[in-house]
Amino acid sequence: MKWSLALPAFLVGSHVAAMPQLRGQLRASSQEVLKTPPKHIGVGHFSEWSRATKKAFLMDWQAGKAGEWTIVMGNEGGDLDSMTAAITWAYHLDHSTENDTHPVKAIALLQTPSHALDLRPENKLALDNSQMTVGHEDLLTSDEVPEDPETLSRKLKGIILVDHGEPLRKWRDANIVSIFDHHKDHGTAPEASPRIFEKVASCTTIVARELLNALESLPQEYHLNHEFLELILSAIAIDSGGLTSDKTTDEDISVAARVLARSNWKDEKLSKVMKELDDELSSAQKDISHLNLRDLLRRDWKGDLIDTPSPRTPTVSLGFASIPYSMDEQIKKTDFAELFHWFAVHAAWTAEAGVDISICLNKYKVKDKHGKKEKIREVVLTVRDDVRVDEVQAEALFKVVKDALENNDQGIELEPWYRANELGPRQMVWTHKSGAGRKVFRPIVEEAVYGWDKVMMEL
């Protein structure tokens, strides 16, 4: 039996004849689907400069010229103050030397991964107001550093620390050129210059003041565009409560006034501008009710490795999370809304972060019987036994840190959480009413880890 390959006449006259047209339509349709959606690139000098600097840094690294660059880095918490201070000083170094024989190559580094930047809505708002590229592509983030920091740090010309006085362990081999900080001076890099530790509300205050002082001494000033000036004012505003908080100093007010005088808002009253900025940014900062527990844990996370002094105890990783919700509220954000799932989500995050000791510092407000709001804080301690320490070491580490927290010399009275009896091994939760935060608890925990070997010898 022979099969005929001839097609009926009606098909020849319809479908087959239409095939070229159909293929053309399909091709056009597929091209439309595959077409990359238009990207919103930032406008203005500030965005263009930031994007060009990032491109130049990555090109020079690829060409083996990382040694020509200085990285200006804020702390790993990545709040608006830290981010702005880093960008501000990098901008100054680049613009103030652009006509020199050997201009300084400097770039700001946000020690936060790009996917975590929007966990701080106030940062996103400030950058949007500054007309930066959507998705923060103008900025260099920690997950975009093209080489392991421990290796890269030895190749760089140097690093500059802003809003923290000691580099993370992975950057400690770098030459520390300068330090600008408003926290405690731990004596790091005494030869750095400038090296400024000053008690002000915002670290950006220090950096902006040094920029303005240097700018005004130049034979010809470089341009300060309005988006850049408004970002500086935003950082000072949110850290100083619009220049009205108890932390606000005369220096914060003076520097804000000098920046305002150069901005497009120069005809406005300083108090009005700073209040409006603080109100807008603080409102955005509080808009985190949509975040799940994992996002809350990594939103304001700071951690580092601690080299213990004894060969019997390994280097350990310590991490701190700051969360503006109670444990009860956080538990509700888990899928099962139960205590066990809080610790399961927490364990998944600390495993990803490679953390041995985790401290979560929660803060929230409740109304007392008179209707007055009262601040309550919680401390959550966990120690893992599957990262750098085994189970025996983890037990000893938990004991030494727990004892240090409960018997602290800072006058903090820790009370066991009302559900403490439901906690598992190497888990503890306390409540307290002191104002102590990470700056107080971190030294307590670090000192305990340094003394860990004594406990190990007793076991």
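1. The axes of helix α4 (residues 80-96) and helix α7 approach within 8 Å and cross at roughly 15°. Axes here are lines fitted to C-alpha atoms, for helices over the stretch in contact, and angles run from 0 to 180 degrees between N-to-C directions. α4 and α7 are therefore roughly parallel to each other; angles under 35 degrees count as roughly parallel, over 145 as roughly antiparallel, 65 to 115 as roughly perpendicular and the rest as oblique. The crossing of α4 and α7 is left-handed, a term used if the near helix is turned anticlockwise from the far one by less than a right angle (clockwise is right-handed). On the α4 side the contact uses Asp81, Thr84, Ala85, Thr88, Trp89 and His92, and on the α7 side Cys203, Thr204, Val207, Glu210, Leu211 and Ala214. Contact means heavy atoms within 4.5 Å. Six of the residues in the contact of α4 with α7 are nonpolar, four polar and two charged. In this scheme Ala, Val, Leu, Ile, Met, Phe, Trp, Tyr, Cys and Pro count as nonpolar, Asp, Glu, Lys and Arg as charged, and the others, Gly among them, as polar.

2. On provenance: this is a predicted model, in which local features need pLDDT of at least 70 and side-chain atom pairs count only at pLDDT 80 or more, while totals for chains, interfaces and linings use all residues. Residues are numbered from 1 along each chain as its sequence is written, and side-chain values use heavy atoms, with hydrogens and water left out.

3. Helix α7 (residues 203-215) also packs on helix α9 (residues 250-262), at an angle of about 55° and with the axes 9 Å apart. That makes α7 oblique to α9. The crossing of α7 with α9 is left-handed. From α7, Thr205, Ala208, Arg209, Leu212, Asn213 and Leu215 meet Glu251, Asp252, Val255, Arg258, Val259 and Arg262 of α9. The contact of α7 with α9 comprises five nonpolar, two polar and five charged residues.

4. Some backbone geometry deserves a check. Most residues other than glycine have a negative phi, and most peptide bonds are trans. Ser193 and Pro194 are joined by a cis peptide bond, with omega about -5°. Pro194 sits in the loop between β5 (176-181) and β6 (195-197). Ala189 is found in the loop between β5 and β6 and has a positive phi near 45°. With a relative accessible area of 10%, Ala189 is buried; buried means under 20%, exposed over 50% and partly exposed in between (1.4 Å probe, protein chains only).

5. Gln131, not a glycine, has a positive phi of about 60°. Gln131 lies in the loop between α5 (121-129) and β3 (140-141). Its relative accessibility is 31%, so Gln131 counts as partly exposed.

6. The unreviewed UniProt entry places a "coiled-coil region" at residues 267-294; such annotations may be inferred rather than shown by experiment. In the model, residues 267-294 are 64% helix and 0% strand, and the end C-alpha atoms lie 44 Å apart. Asp279 lies in helix α10 (residues 270-285) and counts as partly exposed at 40% relative accessibility. Asp279 and Gly241 are 38 residues apart in sequence, with a C-alpha to C-alpha distance of 8.4 Å.

7. Overall, the protein has 16 helices and twelve strands, these being DSSP runs (H or I of at least four residues for helices, E of at least two for strands) numbered from the N terminus. Of the 459 residues, 49% are buried. Among contacts between residues at least 6 apart in sequence, 67% join residues at least 24 apart.
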